[in-house]
Amino acid sequence: MNVTRTNKTEGPPDDTAPDPKAVQAIGRALEAHYAELVQAPLPEKFVELLAQLEAGDRVSDAQGSGDAIS
Amino acid sequence: MPSARFKDELLAEIKNLRAFAISLSGSVTLADDLVQESLLRAWSNSEKFQPGTSLRAWLFTILRNIYYSNYRKRAREVQDSDGFYARRLTVPGDQESHLDLEDFRQALTLLPAEQREVLTLIGASGLSYEEAAAICEVGIGTIKSRLSRARSKLVELLKLEETSDLPVERRVRRAG
């Protein structure tokens, strides 16, 4: 994790902006939160699902559900 | 039929997709259902993915649409019923860290979903403002303002501006 992160992700400064150090702390906590989730073991069921899809077993289940893709 | 390469690329994105789903829904159980549906939909719509664009952003768009269409109400009912956020997590390697992940995650669940997702997309998933704007179907200005409001709200919820013996950076140094 890059700890020399700059404030490039900040929105425009304004009068009500919180303490930059507090914002940095939020950023680090967010990264820690997310990193732990990403590092969690991948449930085997997803690997199996993709293997089944590739094998063509589940093609019928996957059809006709593309409406939500914009 | 999607290519084997597409499958491998999907496989490589699942952990990130799942992390986004957990952050968005606040529940591992719901997140896993969301990821499964998203993978099925991505597979059956693989021809709509434009090579050279971000597969991560595309998958997040799919998952987010499924969440808001079918899961948002359910999420309020079952949030944290699986106890994921109830675990007391220690942040290793730094004795000075007092902003623990449980507190942070609880605060995160109190944000409106549209602020939480922007915070996650920009602050953790490594997506650009442009990608986040496309995923959320709003302008970049809206993304920035949601991000700013999310941060202010978290600072308030976590009382990071409370007066203390220690300056903020010592109290919360290196939560990660």
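Trainee: At what angle do the axes of helix α5 and helix α7 of chain B cross?

Mentor: Two packed helices are described by the angle and the distance between their axes. In this predicted model, the axes of α5 (residues 113-123) and α7 (residues 140-157) of chain B come within 8 Å and cross at roughly 100°. Axes are lines fitted to C-alpha atoms, for helices over the stretch in contact, with angles from 0 to 180 degrees between N-to-C directions. Helices are DSSP runs of H or I, at least four residues, numbered from the N terminus. α5(B) is therefore roughly perpendicular to α7(B) (65 to 115 degrees).

Trainee: Which residues of α5(B) and α7(B) make the contact?

Mentor: Contact requires C-beta atoms, placed from the backbone, within 7 Å. Among them are B:Leu119 and B:Ile122 of α5(B), and B:Ile143 and B:Leu147 of α7(B). The contact residues divide into six nonpolar, one polar and five charged; Ala, Val, Leu, Ile, Met, Phe, Trp, Tyr, Cys and Pro count as nonpolar, Asp, Glu, Lys and Arg as charged, and the others, Gly among them, as polar.

Trainee: How many residues of domain 1 of chain B are in contact with domain 2 of chain B?

Mentor: Chain B is divided into domain 1 (1-80) and domain 2 (91-176), with bounds from an automatic or database domain assignment. 13 residues of domain 1 are in contact with 11 residues of domain 2. On the domain 1 side, α3(B) gives the most, with six residues. That side has four nonpolar, six polar and three charged residues.

Trainee: What are the conventions?

Mentor: Residues are numbered from 1 along each chain as its sequence is written, while chains are lettered from A and ligands numbered from 1 in the order written. Local features need pLDDT of at least 70, side-chain atom pairs count only at pLDDT 80 or more, and totals for chains, interfaces and linings use all residues.

Methods:
Helix = DSSP H or I, 4+ residues; strand = E, 2+ residues; numbered from the N terminus. Parallel < 35°, antiparallel > 145°, perpendicular 65-115°, else oblique. Contact = placed C-beta atoms within 7 Å.
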